[in-house]
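My notes follow the order of the look-ups.

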Amino acid sequence: MEAVNPTDSASLLAAFGALGVLVVTFAESGLLVVGFFLPGDTLLFPAGVLCAGADGRPPRLVLWQVMLCAAAGAVAGGQVGYLIGRHGGRPLLTRTSNRRVREGAERAERLLARYGYGKALVIGRFIPMLRSVLHPAAGALGVPIGTFTLWQTVGGVLWSQSLVLVGYALGASVSHVDDYLLPLVGVIVVLSLIPLLVEAVRSRRARHGDAAHESATHGERAADEPSGPEDE
């Protein structure tokens with residue numbers, strides 16, 4: 001039996017089918033370091049493609065099973081991530097030796113502060129490398145559990161179902177879509193990284209703006225201070 005590569009979506013889907021979707025979406029939605037290395041977008045989209053019977057071939061996965069497993073894994077994983085963060089507290093995120101976790105926690109905190117809990121929890125689902133730390137960060141920051149549960153469920157369902165259905169629609173309508181699967185996955189990855197790039201640009205502009213404001217303020221203070229005793 002060929003070994004399963006947990007970071008490769010094709011390997012996971014071939015070995016476990018819908019169950020693989022459940023496990024991966026669960027882990028990526030809240031298990032911190034583990035989730036960083038698992039495919040999310042790049043698993044759900046191909047899973048949807050495999051649910052479509054095209055070119056005279058029967059579907060290799062069952063659509064309702066994949067959709068159910070994707071939603072269940074995303075929502076349950078988010079809730080577990082929240083509980084991990086709530087019980088572990090901020091030290092769990094700030095004292096970790098993993099640089100990606102620390103940076104992700106800082107990004108998650110900025111997102112929650114900028115957009116509010118509801119909008120941030122929905123937007124964050126669609127940003128890779130943020131999904132895995134957003135829910136523990138929400139728990140550590142004390143987001144009310146009722147608010148968190150509502151909006152992380154909305155985000156989890158929207159994220160998981162939209163990607164599966166987009167893959168299914170393409171698989172059902174485009175002939176020999178398997179031949180284009182790798183480039184399509186690449187497009188999905190690039191699109192999912194756009195919010196990160198936008199946030200990075202905004203953060204850099206904000207830092208430059210703060211630095212310029214501080215420099216101007218310092219210059220005004222220096223100008224107002226007396227240079228020394230006046231000559232009589």
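**Fold**

I read along the sequence and noted the pattern α-α-α-α-α-α-α-α-α-α-α. The model I am reading is predicted. I find 11 helices and zero strands in the chain.

Buried residues make up 41% of the 232 residues. Among contacts with a separation of 6 or more, 76% join residues 24 or more positions apart.

**Charge pairing**

Next I looked for salt bridges. The count is one. E28 pairs with R131, and their closest N and O atoms are 3.0 Å apart. E28 lies in helix 2 (residues 18-28) and R131 in helix 9 (residues 131-140), so this pair ties together parts that are 103 residues apart in sequence. I checked burial for the two partners: E28 is buried, and R131 is buried as well.

**S160**

Last, I turned to S160. Where does S160 sit? I place S160 in helix 10 (residues 145-173). Why do I log S160 as buried? Its relative accessibility is 0%, and buried means under 20%, so S160 qualifies.

I also listed what surrounds S160. Leaving out residues up to four places away in sequence, S160 touches L44, A70, A71 and A74. The side chain of S160 also makes a polar contact with the side chain of Q161, at 3.0 Å.

Methods
Residues are numbered from 1 along each chain as its sequence is written. This is a predicted model: local features need pLDDT of at least 70, side-chain atom pairs count only at pLDDT 80 or more; totals for chains, interfaces and linings use all residues. Side-chain values use heavy atoms; hydrogens and water are left out. A salt bridge is a side-chain nitrogen of Lys or Arg within 4 Å of a carboxyl oxygen of Asp or Glu. Helices (H or I, at least four residues) and strands (E, at least two) are DSSP runs, numbered from the N terminus. Buried means under 20% relative accessible area, exposed over 50%, partly exposed in between (1.4 Å probe, protein chains only). A polar contact is a pair of N or O atoms within 3.5 Å; within protein, one must be able to donate a hydrogen and the other to accept it, and residues adjacent in sequence count only if both atoms are side-chain atoms. Contact means heavy atoms within 4.5 Å.
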